[in-house]
2 protein chains.
Amino acid sequence: MRTSAKRKPRGTTDGGQGKRAGQGADRRAQILVAALDEFSLHGFEATRLDDVAKRAHVAKGTIYLYFKDKESLFQELLRAQIGPVIGMLEAVLAGGTKEKKPVPLRELAHRVADLFVEQVIGTRRKDIVRLILTEGPRFPKLAEFYYREVISRGLSAFRARAKRAVNEGELKSDTLVRFPHLIVAPALVSIIWKSMFDKFEPLDVKALMKAQIDILFDKEERP
Amino acid sequence: MRTSAKRKPRGTTDGGQGKRAGQGADRRAQILVAALDEFSLHGFEATRLDDVAKRAHVAKGTIYLYFKDKESLFQELLRAQIGPVIGMLEAVLAGGTKEKKPVPLRELAHRVADLFVEQVIGTRRKDIVRLILTEGPRFPKLAEFYYREVISRGLSAFRARAKRAVNEGELKSDTLVRFPHLIVAPALVSIIWKSMFDKFEPLDVKALMKAQIDILFDKEERP
DNA sequence: AAATTATGACTGACTAGTCAGTCATAGTCA
DNA sequence: TGACTATGACTGACTAGTCAGTCATAATTT
């Protein structure tokens, strides 16, 4: 259809990369890593697939061999990163339910906080969470998925556990049953602070999380 | 390709910018309102100035009579909306400092929370805050401005006041001196919740704020 | 009439997505 | 082993479309 005027004689942008670098699954991973970099740097709209390709040392067309379109790439990136953490979170929360002599809720809260500090704040996943906060309202499907899979589950698991803590006397008020959000609040502040203000005034996330938990549990003790 | 009848002969890369915005304060306001709608609906990148113009019942060119470019429009919008609230916030916080018999910090906290609920959550300004959270990392100038003018001031004002509360015995621990962020945390959660999850599960922001304050102040009483 | 304000067609720069063509490697046969 | 063919991963020039910003001209005000 198109009379191709001229074909470049193998215009390899040299640089020691001239040949097929990896195969199959490698490429996918390469592209996902590059996509994480670019998306978390510029957001969904402003990210150019040309740049993702460049960063992955791959031609733009290659991206379309592994992902349907820009949006699919974006969604798969988020899910791939969030999935594992949901698993870990469930493991931690379950840890407090199965046993007869249950782990105190307070201890659970600390474990969740540690998980958050290590697996989210301490990794690129903090950028993923930011991306979800940032782009969520513009991707209703994403917001809904995230609510169903993470928020709703996490909250109700925590709520159930908090109810028990109230009945067993560990908690004096039902505040945490009504507002499990309060456990998450300092985590959100941390993510936003890290991405916007940390260079002006660094924030000790672990200490912040600990402070909130201590307050929520009436400052009984402080290991 | 466009086949057009005839056109002017593309010339004069003049650059003369001799324009004054003297009278049309109406137009400016119209445009700002429309811009708020579009920006908070789609974010900075994805907002089309054509749509802003349409919504403001104005031609696109008119926007450029009142604003230098898209970014200026965006920044002025944010500042115009945030400015007044900073004023109110300072007034509230000052109210606790000038008097001899000072307002208890706890009371101040409640006033700030009310201010937030009424002036931010209850208005379009919640969208503005969201926009700042969303676009902040991509506009370093904005993040810095916001840190200097709002965050840093607010935190240190609150910190000073909290120190006093510790000395005077109102607060038993120095947690709030170290982490004034904890006052802001539920506010952030509220904004994000409202914009993403409120349709799935509405959140009572006022009660959430109150719960956190009660907890921070050792649940002494609950009006 | 002159100055000011408004308009919207137009341009230039930019980009998601496509597809004809390339080539490293695997498989087949003598 | 060497020659020849088949495969499909990979490439990047190209298409079709978008949109910020401009400017000649029109409308309105002074």
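Residues are numbered from 1 along each chain as its sequence is written, and chains are lettered from A, with ligands numbered from 1, in the order in which they are written. Because the model is predicted, local features need pLDDT of at least 70 and side-chain atom pairs count only at pLDDT 80 or more, while totals for chains, interfaces and linings use all residues; side-chain values use heavy atoms, with hydrogens and water left out.

**Symmetry**

Chain A can be laid on chain B with an RMSD of 0.1 Å by a turn of 180 degrees and a shift of 0.0 Å along the axis, so the two copies are related as by a two-fold rotation axis. The superposition is by least squares on the C-alpha atoms of residues with pLDDT of at least 70 in both copies. The same surface serves both copies, since 100% of the contact residues of chain A recur in chain B, where contact means heavy atoms within 4.5 Å.

**Aromatic pairs**

Over all chains the structure holds 20 aromatic pairs. Rings of Phe, Tyr and Trp (its six-membered ring) pair if their centres lie within 6.5 Å, and planes under 30 degrees apart count as stacked, over 60 as edge-to-face and the rest as tilted.

F39(A) in helix α1 (residues 25–46) and F74(A) in helix α4 (residues 70–95) of chain A stand 35 residues apart, and their pair links distant parts of the chain. Helices (H or I, at least four residues) are DSSP runs numbered from the N terminus. F44(B) lies in helix α1 (residues 25–46) of chain B and F139(B) in the loop between α6 (125–135) and α7 (140–167), so this pair ties together parts that are 95 residues apart in sequence. F39(A) and F74(A) are buried, as are F44(B) and F139(B); buried means under 20% relative accessible area (1.4 Å probe, protein chains only).

One aromatic cluster is formed by Y146(A), Y147(A), W193(B), F197(B) and F200(B). R79(A) lies over the face of F145(A) at 4.0 Å from the ring centre, and R79(B) lies over the face of F145(B), also at 4.0 Å; a charge sits over a ring if NZ of Lys or CZ of Arg is within 6 Å of the ring centre and within 35 degrees of the ring normal.

H181(A), in helix α9 (residues 181–196) of chain A, is buried with a relative accessible area of 4%. Not counting residues up to four places away in sequence, H181(A) touches L155(A), R159(A), V189(B), W193(B), L203(B) and L208(B).

Key. Helix = DSSP H or I, 4+ residues; strand = E, 2+ residues; numbered from the N terminus. Buried < 20%, exposed > 50% of the residue type's maximum accessible area, 1.4 Å probe, protein only.
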